[in-house]
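Welcome, and please have the sequence and the 3D view open side by side. The notes that follow walk through contacts, charges and backbone geometry.

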Amino acid sequence: MCGFSGYLGHVDAPDRTLVAMADAIAHRGPDGRGFFHADRKGRTPGVGLAHVRLAIIDPSDSLQPMLSADGTLALAFNGEIFNYTELRQDLIARGHTFRTSGDTEVLLKLYEEMGEACLSRLNGDFAFAIWDGRRKCLFLARDRMGVRPLFYTRHGGTFYFASEAKALLTVPGIGCDLDLIALDQIFTLWSPIGQRTAFSGISELEPGTFLRADASGERIDSYWQLDFPDAADAFRDTGDPDASLEQLNDLLVDATRIRLRADVPVGACLSGGLDSSLVAALAAEHAPQGLRTFSIAFDTPEHDESAFQQQMALHLGVSNDTVNCSGGDIASVFPQVIRLAEKPLIRTAPAPMLKLSALIRENGIKVVLTGEGADEVFAGYDIFKEARVRRFCARQPGSRLRPLLFRRLYPYLPGLQKQSAASLAAFFGAHASADDDPLFSHRPRIANTAGAKLFFSDDLKARLGAYDAAEDLISLLPERFSRWHPLHQAQYLETRFLLPGYILSSQGDRMAMGNGVEGRFPFLDHRLVEFAAKLPPELKLRGLEEKYLLRKAASGRLPASIINRVKQPYRAPDSKAFLGGTGSDYVRSQFDPVRLKAQGLFNPASTGKLYEKCATSEAPGFRADTAFVGILSTGLWLEAFRATSKPTAAGLAA
Amino acid sequence: MSTVFASFVRAFIVESFLFGDASAAPADGESLIAAGIIDSTGVLELVAFVEDCFSVTVEDADITPENLDSIEAIATYIQKKSGRAPLAA
């Protein structure tokens, strides 16, 4: 729930500053707002907190910012502590008393007692800020997987932070420039990495870390890291698969159970795939009054999964509400998608999520469970299988049969079915040696995505110089990475970078909170994540069968048709969405050569040909689609943030 | 080998896969796949181009990197299939 923002240091007009920041993120908290500020006193810097509330737990109470009983601590908090009931009982047993029944006070008391060590006790999706008057410092922290966002910057000696960057842009003097390195990273890795954001000078606190800021500066530390066993040990601790299955079942049940804690009804999303179906089935067991479920349907058969959604709804005995998403729908919401995502995107898949959250909200639901995270944690993505086949091919480069496995991986890509073994091997870089390349699993995706940089202008290329986003990514890998099993290396890359950088943010939190809806993800419960990381690789990807153990856990809960269906990645129409019929006016204007030349980022001549190709070709191809959406969204981003440097809540709702 | 076939192929590649950006054009012997110029959809476009412009039929078994992975290889393949002698460019 919620959004917050604030500062540490001097501001000229604290009230006005805090209200402006709260206005910018008002969509995150339609149910109320609160402010706290204290002026500078001696050597204690001034501090301010603003909070906008989406009331889910203890709606009539638990107002924020919340002060400790002695007034020395002030907390602004976005998210949920799912195990707050247990933590509260512990605290009561140790003599604490509570004024409210919610999780906010639990977090405040736990910090009061333990300081930063409280983080390891929290099971939740959270970002929060605590003004600690005892230590005269500001404490910021973010959940382990990166579900809830937190951005910060320093300007004129004052430290500012907020749930979304747009709140920071309301501060007089904080400018808005596109970070060109971030743009290169997006056109290579789909999102900026590390602390970088699309906004030059604005940073994002990384998942699993906390920050202390005081008069002398900031310091960031990590309190949790995704870890895997050494490859040599990865097979040793197999234990008993039946025992693992039982443990998985227990964890799934509990992770879902504590995510149903709310004082408002909790719904579930049904994509038609295994993961969301399993979550909905688990949730339905705890919802005797019936579970509300929600789905997206597409006009395009290659994207639509509504037949499976209906099967699952029938199985659960729920009436599933569906929103249909056409190409035109994607085009019409896309400018708003970019304002909310706050970064250029190379895919349109977030857009239907915004339509879905609108549907959920219209039905009076504020909280939904989804299956997000299972593909990272239990190895469901095609990229894991692809890497395995590429390694298999590389071991016998002359094989005429091994590369044919690539056809089996991508039955939904018609272009591949006609290719010879030799062509397939070439496309997937199947003969490249896996030795010493930490990004082996991701090289084809990286190379294909980076193909879209063909359209970068000469000036942009010159400014980027020899910068290499893939090398930059390698520099962020932990030392222990090289000791992990190849599947675990690939899982780490997905879970540590794409998951927070794109899936949970652009496609997750930002699209849900755009309509005041909170997503909850049982598969990202850190107990499940840690359990799955320790599982032997073959219990996750068994041969080329993905999510092996999870599938076992699902049997008995789901119809066989859902468990055994061919996995369909979630995708949405890309360039075609914008070019149906006559094409939207705003899209055409974003590709206007005069505008492109003035922006200076893309080559107007080749970009013009790209537009023509996407407009006329049946299947423009991966690179053209990537470039089209990337260029369009970069233009929309510049328009949303550069032209209007102070977007308001009203602007967002337009 | 610089032939009329090769120059046709080069022009097609620059126009269709490099969107007119001749500065990114590959050398005649360079692998188009390794350079990221064509992907699996691109190969099918390339096959359609060869069939349409040179009146040859590309058998499925011919769709291999050996025949199609460089400007030079494609030009040689067209020459072989069409039975025409290459004209010097």
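This is a predicted model: local features need pLDDT of at least 70, side-chain atom pairs count only at pLDDT 80 or more; totals for chains, interfaces and linings use all residues.

## Ground rules

Helices (H or I, at least four residues) and strands (E, at least two) are DSSP runs, numbered from the N terminus.

Residues are numbered from 1 along each chain as its sequence is written, chains are lettered from A and ligands numbered from 1 in the order in which they are written, and side-chain values use heavy atoms, with hydrogens and water left out.

## Where chain A meets chain B

Let's begin at the interface. Counting heavy atoms within 4.5 Å as a contact, 21 residues of chain A are in contact with 21 residues of chain B. The area buried between the two chains is about 1,800 Å², and carbon and sulfur atoms give 60% of it; buried area here is the accessible area (1.4 Å probe) that two parts lose on being put together, summed over both.

The interface has 2 salt bridges, a salt bridge being a side-chain nitrogen of Lys or Arg within 4 Å of a carboxyl oxygen of Asp or Glu. One salt bridge pairs Glu45(B) with Lys613(A), with the closest N and O atoms 3.0 Å apart. On the chain A side, helix H15 (414-417), helix H16 (421-427), helix H29 (604-616) and helix H30 (622-643) each supply at least two of the residues that touch chain B. That side of chain A divides into 10 nonpolar, 6 polar and 5 charged residues; Ala, Val, Leu, Ile, Met, Phe, Trp, Tyr, Cys and Pro count as nonpolar, Asp, Glu, Lys and Arg as charged, and the others, Gly among them, as polar.

Helix H1 (residues 14-24) of chain A is worth a look in your viewer. Its buried residues are Pro14(A), Thr17(A), Leu18(A), Met21(A), Ala22(A) and Ala24(A), where buried means under 20% relative accessible area, exposed over 50%, and partly exposed in between (1.4 Å probe, protein chains only). These residues lie on the same side of H1(A) because they cover an arc of only 160 degrees around the axis, the arc being that of the directions from the helix axis to the C-beta atoms. An α-helix has 3.6 residues a turn, so residues three or four places apart point the same way. Asp15(A) and Arg16(A) are exposed on the face of H1(A) turned away from its buried side.

## Charged pairs inside chain A

Over all chains, the structure holds 49 salt bridges. In one of them, the side chains of Glu342(A) and Lys166(A) meet at 2.9 Å, N to O. Glu342(A) lies in the loop between helix H10 (327-341) and helix H11 (350-362) of chain A and Lys166(A) in helix H4 (residues 165-168), so the pair ties together parts that are 176 residues apart in sequence. Glu342(A) is buried at 3% relative accessibility, and Lys166(A) is buried at 1%.

Glu546(A) and Lys385(A) form another salt bridge, their closest N and O atoms being 2.9 Å apart. This pair links the loop between helix H23 (537-540) and helix H24 (548-554) of chain A, which holds Glu546(A), to helix H13 (residues 382-395), which holds Lys385(A), 161 residues apart. Both residues are buried. Elsewhere, salt bridges that share partners join Arg28(A), Arg148(A), Glu164(A), Lys166(A), Glu342(A), Asp509(A) and Arg510(A) into one network.

## Backbone details

Most residues other than glycine have a negative phi, and most peptide bonds are trans. Which residues does a cis peptide bond join? The bond is between Gln64(A) and Pro65(A), with omega about -5 degrees, and Pro65(A) lies in the loop between strand S3 (47-53) and strand S4 (66-67) of chain A.

Lys547(A) is not a glycine, yet has a positive phi of about 50 degrees. This lysine is found in the loop between H23 and H24 of chain A and is buried at 3% relative accessibility. In chain B, Ser55(B) has a positive phi near 50 degrees. Ser55(B) sits in the loop between H2 and helix H3 (65-68) of chain B and, at 69% relative accessibility, counts as exposed.
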